[in-house]
Each structure stands twice: as C-alpha cells, then as structure tokens.
Amino acid sequence: MLLARWFRKELDDLCSCSQSFASFFTFLFICSSSISEASQLFSSPGLQISSFYSLLSARALQLSSDNRSISLPHFVAVACLPIKIQHKVDSSPRSHIHHAQKLQNGKKSSPNYGVKTLLLAILVNVHNYSDYIHPKVVSLLNVMYLYIQLEIILAMAAAVAKVLLGLELEPQFDEPYLSTSLQDFWGRRWNLMVSSILRLAVYEPTRNLASGLVGREWARFPAVMGTFFVSGIMHELMFFYLGRDKLTMEMTCFFLLHGLCLIAEGYLKKCFAGRWKLPAVISGLLTTGFVLLTGYWLFLPFMHSCRVFERASAEYVQLVTFIENRVRRQ
C-alpha cells in the first residue's frame, strides 16, 4: 500500500508538467518501438502502427502550447483514442468567434447521425449486389461507406471519452463533401484530429528545419510534402497489416499527389488574390471530383485487394448476430 501511494505521488508530480510528461512517454514509445524492431522487424505491424501513432500523439502533446497541464487518464485517452481535447482560446473577440463557429460547424444533430447510421447499414452490404450495379457506382458507394463509417466510429469514441472523462472534444469531421478547395478539405474538414497531430508532429518541425536552409517562404513546400508522405506511409502500413499483401505505394502516391496539388492551389490563390475567384459551387465540384477521381485511381485498388469492404460486411453480420443472440437470451 505504501509503495502504491509513493508511486501515485511520483506519477502525479510527473503529470504536473505536460512538457515533462509528454517527453517521458515519448522516450518510452521510442524505446518500445526500437526494442520491438530489433527483436522482430515488422513481424507485428499492428504493434508498430499503434506505437507510431502513440509516438506522434505524444510528440504533438509535447509541442502543443495549449496543454500546460494534463492528467494521466486524459493523456492516455488522447494518446490511445482518436480524440482531441478542446483547447482554450485567447481573450480576443475574433478568436472566440472563430472558435465558436468551428465548434458549431463540427456539431452534428441526432437526425444527422441517424441518417448516416441508416446509410451505413445499407452501404455495408453493397458488395453483395455488385453484380447488378455498375462498377463505378459501386466504387462511389464504397467511398461513401468509408467516410460515414469513419465519422460514426470516431464520433462513438469521442462520446465515450466525453462521458467517462468529462472532456470537451474538438469535432472530428466537418462535412468534407462541402469542401471548396483542397486546403479546406485537408485542413478544416477531413479527419481533423489526425490533421492536428501531423501539423504539430511533422509539419511545423519540418518547416522550422527547412527555414534555415531555404528560407521561411519556401520551407512550406518540404513541410507539406513531408506531412503527406508520413500520412501515406501510415496508410500503407495499416492496409499492409489488413491484407499482408505486397506494398504498392499507391496510397503514398495518392497523398503525395494531393500534397503537390495543395501547394499549386495555394500558389494560384496567392497569384489571383483579390482579382479572380471561382464560385463556391464550381470550386466545390472540382474539389470533390478531384478527391473522388484520385481516390478511385490510387486509393481504392489497394483497399479492394485487401478485401476491406467484404471484411467490414462480414463483421457487421457477426455484430448483428451477436446482438440478436443476446436479446433472445434475455
């Protein structure tokens, strides 16, 4: 009992400063990853992926100036779950307005989630009827399924963390199909939690490092490409773990292509700033079309080779069967 109390006191002292706490766990994750790699190189991809994600999360917490103090349960939740704690904003009216608008845009009503849950239940069995549907339509429905599944799963994880830990959380998605540019899609609407982690753990350190070599203005280019490259490698490893098939690097090419186009988009916006701008409807259609076409070309083939959608359908059937059996027993 005395030993437990001493350990608890030492751990509380360590948690009092988030910089030391994050540095401590970053060191542990580096050590665990190194030991795992030395003993069994890529023999357990799931362990490597989770360690890599936890390392990025710890590094992001270490770099974030908003996390001056964080408790152990909150740190573990942020490092292990796909959530992001809502940070405090400064006292300026503009910051409060922007923050309130961001939270309001990210909030979803019950009917919104209800409709998406119904669509998910329909789309999960699309492959069973693929013989009667045009292949391109099947691919489009699979993209819809992927987005809705991600949003619902992340929302469920956020809801659990909010109930158990009392955390106010940032929104995960903000209706990405309404994006008007690639910058809008990747930076403000799609998988915002991962975007914030990569921004702190990859983009900003790379930009700071490159600033000393090529200057602050040009440093954005290697920072953007480095961030999209890391994201591509993470996706390659995830789907390699699912399918155990050879790495084609198609997903990495997908992210690198989007990185290049995002840089080009930013350059064109800077050139035509204040003089010419596409209507939001046109830019939205172009953005959505580009994401869908490049996803169909480079992203979906590897997912099909891993039989991601078929496995999801099988797991859905197992879940429904399990729930039905539990209900009958009661």
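Val 160 is found in helix H7 of this predicted model. With a relative accessible area of 46%, Val 160 is partly exposed; here buried means under 20% relative accessible area, exposed means over 50%, and partly exposed lies in between (1.4 Å probe, protein chains only). Val 160 and Leu 81 are separated by 79 residues in sequence, while their C-alpha atoms are 9.9 Å apart in space.

Because the model is predicted, local features need pLDDT of at least 70 and side-chain atom pairs count only at pLDDT 80 or more, whereas totals for chains, interfaces and linings use all residues. Residues are numbered from 1 along each chain as its sequence is written, and side-chain values use heavy atoms, with hydrogens and water left out.

The secondary structure of the chain comes to 13 helices and 0 strands; helices (H or I, at least four residues) and strands (E, at least two) are DSSP runs, numbered from the N terminus. Of the 330 residues of the chain, 38% count as buried. Contact means heavy atoms within 4.5 Å. Among contacts between residues at least 6 apart in sequence, 70% join residues at least 24 apart.

Glu 175 lies in the loop between helix H7 (135-165) and H8, and its phi is near 45°, a positive value in a residue other than glycine. At 10% relative accessibility, Glu 175 counts as buried. Met 249, in the loop between H10 and H11, also has a positive phi in a residue other than glycine, near 65°. Met 249 counts as partly exposed, at 32% relative accessibility.

Helix H8 (residues 182-189) and helix H11 (residues 250-271) pack at an angle of about 115°, and their axes are 9 Å apart. That makes H8 roughly perpendicular to H11. Axes are lines fitted to C-alpha atoms, for helices over the stretch in contact, and angles run from 0 to 180 degrees between N-to-C directions; those under 35 degrees count as roughly parallel, over 145 as roughly antiparallel, 65 to 115 as roughly perpendicular and the rest as oblique. From H8, Leu 182, Gln 183 and Trp 186 take part, and they meet Phe 254, Phe 255, His 258, Cys 261, Leu 262, Glu 265, Gly 266 and Lys 269 in H11. By class, this contact has 6 nonpolar, 3 polar and 2 charged residues (Ala, Val, Leu, Ile, Met, Phe, Trp, Tyr, Cys and Pro count as nonpolar, Asp, Glu, Lys and Arg as charged, and the others, Gly among them, as polar).

Helix H9 (residues 192-214) spans only 29 Å between its end C-alpha atoms, whereas a straight helix of 23 residues would span 33 Å at 1.5 Å a residue; the expected span is 1.5 Å times one less than the number of residues. H9 bends by about 45° at Arg 199, the bend being the angle between axes fitted to the seven residues ending there and the seven starting there. The buried residues of H9 include Leu 198, Val 202 and Tyr 203. Gly 215, with a positive phi near 95°, follows H9.

Leaving aside neighbours within four places in sequence, Thr 227 is in contact with Leu 198, Val 202 and Tyr 203. Thr 227 counts as buried, at 11% relative accessibility.
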